[in-house]
Amino acid sequence: MATNTDRNEILANFQACTSIEDFDECLAHLEQNDWNLHEAINSVLKAQSSDSPTTQPELPEVTEVPVVKSSKVTFASEPQVVFPSTSSREVDAADSCAGPSKPPAPKIRMLQFAISFRGRVVPHVVEDNRTVGVIKDLLAEELKLPRDKMKITGWSSSRVEPHDEELLSRLHLPLVNQLKLYVPDMDEPSEEEEEANGEDSFAERLSQSYILEITDTDENHVYSLRYEGSKTIFDVKQGVYALTNIPQRQQKWGGWCIDSDDSLTLAASGINHPKHILTLSRTTPKPEVPARTEAITVDGDSSDDEEFQDANETLDSYEGAMYEAEEEAEEMQTSRKFDPLIPPHTASDAEALQHFSREFEQRYGTTHPSFYLGSLEDAIKEAFNGSAKERKLLALYIHHDKSIFSNVFCSQVLCADSVVSFLSQNFVTWAWDVTEDSNKDRVMEAVKNQFGSVTMATIRNLPPDKFPALVIIMRLHSNTQVFYVSQGDTSLDELMTNFVNAAEVFNEGKQTEIQMEEERESSERLKQEQDLAYQESLIVDRAKAEEKEKQEQEELEKMRIEHEEQLQRQEHEEAIRRSLEEQLTDEPPEDCSEPMTTLRMRLPNGETLIRRFLANERMQMVLNFLGSQGFNSENHKVLTTWPKKDLTTIDTNQSFKDLALCPQETLFVEER
């Protein structure tokens, strides 16, 4: 069984010989032939021969001369890629088959957008070769809004709103984007309108659970799998691979709502909630590979040994020409050197990383990780600061142009769709180039300041041929630790496995921190509620005390007024009493010779007053007498016994004699 290093050599030689650019297609051929280079090449030749047994394809026009030098395979039209050495026979055979290669066209990415507007989420999938204005056109058509008044925010990398003519591919957006749409001068919706809208937000769909009922039609077996809406179609296919042992490239699916990119989340893929039915079957790839030269086309009726012998003879015929063109190709290769990713002595980290991002895109295309355009310290804050729910892993990508693995790792591993999508969703990615010593010293100082001398030594001690390095860093329970360091010879599967392991460990610890943070927030909310209740009770008590004090003051004021009124009444009554007393005539003595009458007056309190009056005196005198004793006629009646009458209601100028109240009479004083 070939080791990982041997497989890299065999894969490189196979691609050089057959000119097959599809990575999965090459893997399919090599796995079918148990990684035997000669048998794999032979199988391709047989497929070509069976497809066109009589007609030989034309040899493409050769405009660039491939060069073989030692263990290097280079082309003048491509960046130099250095492969590990292999046997001289395999290299010569592989290189002699390699035809001219054109740079692959930039891959068009399908970008997902979830655009929030007035309580609803409008999903759209747009190719990254379109402009920002296309998104506004789609929104204007769907929402019936004026396009010229639209403002869209939420673009990644802290960008201001881009121009309508700017290409989406130039914005370095992740595959999944959440944006917000504002239209000035429009009223905000009321709560009733938002509730009536009835549409779940995209964030809610991401947190929902989807049950996928997958029927394996080959094995007649049904799997029922539960996934969160934030998982991607790629995650589902990887999980099915773990269950069924069917590699992803051999999985034939039915039931997906749209023919979409594997990086789409389930929430954005349009599947049914809460349950969606899918079908799965196995497919054996049978690639149709066009012949690159007449020399390697073999008659389909020949035996395997004859085919391979003829192919080897044809390959040998190219060796001389390839070695003769070596110097010319080296000169062309030298003339196409790229600029460094980070020039030496850049003024700031932001300027250096902007140059890194531009140059990286020129080398490897628009599909690449979204690099954080700021200092390492700011990237750490972006990843680790904030609430536990918002924290992410930190990925440090350290590049070295002098490493033989740099081009292969960047083009085939780091820029793979699965890696780009996973980094975008779970990591803050920060990059640096250590090709120049000044840049290396600069980043080592930053790493030492942020993570300590051990992490700095781990990166510094890597020899140039072990780069690029990808360092995964996480912070759990306030402790920052290096989880994993990959080197340039890491394969895509190995890198994704370590990504998944890191994400699982991080998410497990993250859930604990989220729970602790929620408990702290709950405790803080309870404390705030208690403080608020206490303050409210103080306000109520203070209001009650103020009201009580006010009532007491009012009561005191009322008592004071009543007391003053009472005093005034008493003074008034006393004045009246003194006035009436002054108006009284003297009481005649018992032995008075003039006619007189004796009156007995029964008071309301039961007491009896007796007084003598002259018979010819006016009856007013008895009223004055009673008034002088505090029983004025305004508040009291003076009644006779028989016939019963009220003396206060008759003419008081009549004498006692006229009223027949002589020589004696009993009167009753009653309150009115």
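**Close-ups of salt bridges and a helix pair**

**View 1. Glu219 and Arg282 join side chains in a salt bridge, 3.9 Å from N to O.** A salt bridge here is a side-chain nitrogen of Lys or Arg within 4 Å of a carboxyl oxygen of Asp or Glu. This is a predicted model, where local features need pLDDT of at least 70, side-chain atom pairs count only at pLDDT 80 or more, and totals for chains, interfaces and linings use all residues. Residues are numbered from 1 along each chain as its sequence is written, and side-chain values use heavy atoms, leaving out hydrogens and water. Glu219 is exposed, at 52% relative accessible area, while Arg282 is partly exposed at 34% (buried is under 20%, exposed over 50%, partly exposed in between, with a 1.4 Å probe and protein chains only).

**View 2. Glu359 and Arg363 form another salt bridge, with their closest N and O atoms 3.7 Å apart.** Both residues are buried: Glu359 has a relative accessible area of 4%, and Arg363 has 13%.

**View 3. Here's a network: salt bridges link Lys136, Asp137, Arg147 and Asp164.** The whole structure holds 22 salt bridges.

**View 4. Ser418, Val419, Phe422 and Leu423 in helix H14 meet a set of H17 residues, including Leu492, Met496 and Phe499.** Contact means heavy atoms within 4.5 Å, and helices are DSSP runs (H or I, at least four residues), numbered from the N terminus, as are strands (E, at least two).
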